[in-house]
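Reader: Please show me the sequence and the model. Then let us go through a strand and one of its residues.

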Amino acid sequence: MKALFLTIVILLLTLVGCSSKPAPLEPDVRNVRWGMTMNEVKASETAFIKSDTVTVINVLESTTNEIICGNNVVIRYYFNDVYNVYKLTELRYTLSRKFVYESDYFAIKNALSVKYGKPDSDTSDKSIYVSSKTATWKLKNNRTVIELKLWDFSDSKSIHIDYSTTDTVLTKVVDTLIL
């Protein structure tokens with residue numbers, strides 16, 4: 001009798017364990033995971049989608065009131081052709097105002113450092129036509145790299161925050177997609 005009761009309890013525990021749903025996967029950035037299709041990204045994005053192309057979805061972020069260090073941003077999702085299906089490989093925030101200052105770069109860098117720790121690399125480069133600063137973080141999940149970039153041309157500056165995947169299958173030709 002004890003053996004029958006124990007067998008029933010074990011079977012019930014096994015059935016309960018098998019019927020539970022697996023925990024949803026954590027997003028890599030915003031509400032998306034690397035490797036999602038364009039349609040999956042569109043379904044998860046709450047902001048107004050300004051335009052889309054075969055390899056890029058542009059999202060005007062100000063409709064969600066998301067602000068980074070006091071600056072409205074535009075978001076671009078980049079996709080790569082992986083076995084004839086376009087998969088998400090990069091997300092880029094770009095400051096959307098006319099004038100960008102070096103102090104904006106340092107404010108964003110400090111905010112990212114508070115969230116992710118000290119950058120893994122921090123570089124400056126200068127040539128005749130352009131100078132740049134780049135801070136890079138490799139996240140502990142080993143799926144995401146963040147690069148904060150300040151480009152200073154002689155007549156304009158721009159700041160980008162690039163979130164990208166470390167998955168080599170997804171990034172096999174990603175360099176040809178970056179504009």
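Predicted model: local features only at pLDDT ≥ 70, side-chain atom pairs only at ≥ 80, totals over all residues.

Reader: Which strand holds Asp162?

Author: Strands are DSSP runs of at least two residues (E), numbered from the N terminus. Asp162 falls within residues 157-165, which form strand E9.

Reader: Why is E9 largely enclosed by the rest of the structure?

Author: Look at burial along the strand. E9 is largely enclosed because, of its 9 residues, the number buried is 7.

Reader: Which strand is joined to E9 by 9 bridges?

Author: Two strands pair if DSSP finds at least two bridges between them. E5 (residues 85-95) runs antiparallel to E9, with 5 bridges. Thr94 stands opposite His160 there. The strand with 9 bridges to E9, also antiparallel, covers residues 144-153: E8.

Reader: What is the bridge partner of Thr144 in E9?

Author: Thr144 belongs to the E8 range, residues 144-153. Its partner in E9 is Thr165.

Reader: Which side chain makes a polar contact with the side chain of Asp162?

Author: A polar contact is a pair of N or O atoms within 3.5 Å; within protein, one must be able to donate a hydrogen and the other to accept it, and residues adjacent in sequence count only if both atoms are side-chain atoms. For Asp162 the distance is 3.2 Å, and the partner is Lys149.

Key:
Residues numbered from 1 in each chain as written. Heavy atoms only, no water. Helix = DSSP H or I, 4+ residues; strand = E, 2+ residues; numbered from the N terminus. Buried < 20%, exposed > 50% of the residue type's maximum accessible area, 1.4 Å probe, protein only.
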